[in-house]
Amino acid sequence: MQVRKIEEEIGLAVTEQMGKKVFLTKAGEEILAASQRIHGTLEQLSRALEHLRRLDDGQLRIAVTSAANAFAVDLIARFLQQHPQLQVILNIANRQEVLASLERNDIDMAIMGEPPQTLGLVAMPFHRNDLIVIAAASHPLRHELNIPLQRIAEEPFVLRELGSGTREAILRFFGERGLQLRQSLVMNSNEAIKQAVKVGMGLAVVARHSVIVKMESGYLCSLSVDGFPLRRAWHLVHRKGKQLAPAPREFKTFLIEHQYVQHTDGAEELL
């Protein structure tokens with residue numbers, strides 16, 4: 001009855017009988033091949049959906065702004081120690097590129113500074129991000145206290161490229177106070193900026209956690225500037241309405257339960 005129904009639907013014979021044997025017609029062979037492909041696709045879909053229901057062999061697609069690179073990678077490494085079967089696809093980029101990935105829905109979530117309010121994002125602050133002014137260890141202002149912003153603005157600055165969240169925060173902070181920075185150099189790498197500051201090419205504003213080692217080693221120093229450090233936070237961000245699979249959902253829980261704390265000496269540890 002099912003074969004007859006198919007034949008009525010397509011207007012062609014599916015089988016033919018020769019003697020006591022029944023054979024598929026050309027149309028029947030095409031239908032069989034198509035049904036096998038459909039069956040295989042459904043099997044693959046079933047396995048893919050099963051992976052989405054399970055945590056241990058799932059996937060986390062995450063983007064991190066380059067300023068958060070160091071401690072974010074450490075967080076992900078600690079997360080993978082608890083879930084070694086998970087696969088993490090990590091993209092490190094500037095703020096503009098991370099936001100574009102969220103907009104395209106290429107990633108599950110992102111770690112970044114202050115997210116914009118206009119893209120329909122859910123943002124969870126989970127870690128302090130203090131921005132400080134750094135200089136070469138031999139800089140003439142290294143021993144000054146409460147340096148006025150006007151004085152600092154006279155110094156050359158090394159800044160991140162357009163699209164960087166840190167750059168936007170710095171220029172907005174000084175601009176709101178009627179000050180314009182002297183941009184001596186623009187670079188797209190935090191490590192390159194620290195090296196440029198170390199050799200005396202200018203001052204920079206960076207996340208405190210990213211320069212603790214270099215300050216302790218005597219290569220860089222933090223200047224005492226009015227209004228600094230700028231109190232900011234790192235956020236875990238995803239699209240509003242995003243249906244998080246088990247792996248990204250577990251990572252979000254991990255951040256809530258294992259947040260970094262910062263001590264008065266600048267050192268950090270994971271709870």
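The model I consulted is predicted.

I then placed Asn129 in the chain: it lies in the loop that links β6 (121-128) to β7 (131-136). Setting aside neighbours within four places in sequence, I listed its contacts as Ala207, His209, Leu230, Arg231, Arg232, Ala233 and Trp234.

Next I checked the domain division. The protein chain splits into domain 1 (1-53), domain 2 (59-127 + 233-258) and domain 3 (129-231). For the contact between domain 2 and domain 3, I noted nine residues from domain 2 and 12 residues from domain 3. The centres of these two domains, taken over C-alpha atoms, are 26 Å apart.

I turned to the area of this interface. Domain 2 and domain 3 bury about 880 Å² between them, and 44% of that is on carbon and sulfur atoms.

Which side chains meet in a salt bridge? They are those of Arg95 and Glu168, at 3.1 Å from N to O. The count between domain 2 and domain 3 is one salt bridge.

Finally, I examined the side of domain 2 that touches domain 3. The elements giving two or more residues to this side are α4 (95-104) and β12 (233-239).

Definitions and conventions
Residues numbered from 1 in each chain as written. Predicted model: local features only at pLDDT ≥ 70, side-chain atom pairs only at ≥ 80, totals over all residues. Heavy atoms only, no water. Domains from an automatic or database assignment. Contact = heavy atoms within 4.5 Å. Buried area = accessible area lost by both parts, 1.4 Å probe. Salt bridge = Lys/Arg side-chain N within 4 Å of Asp/Glu carboxyl O. Helix = DSSP H or I, 4+ residues; strand = E, 2+ residues; numbered from the N terminus.
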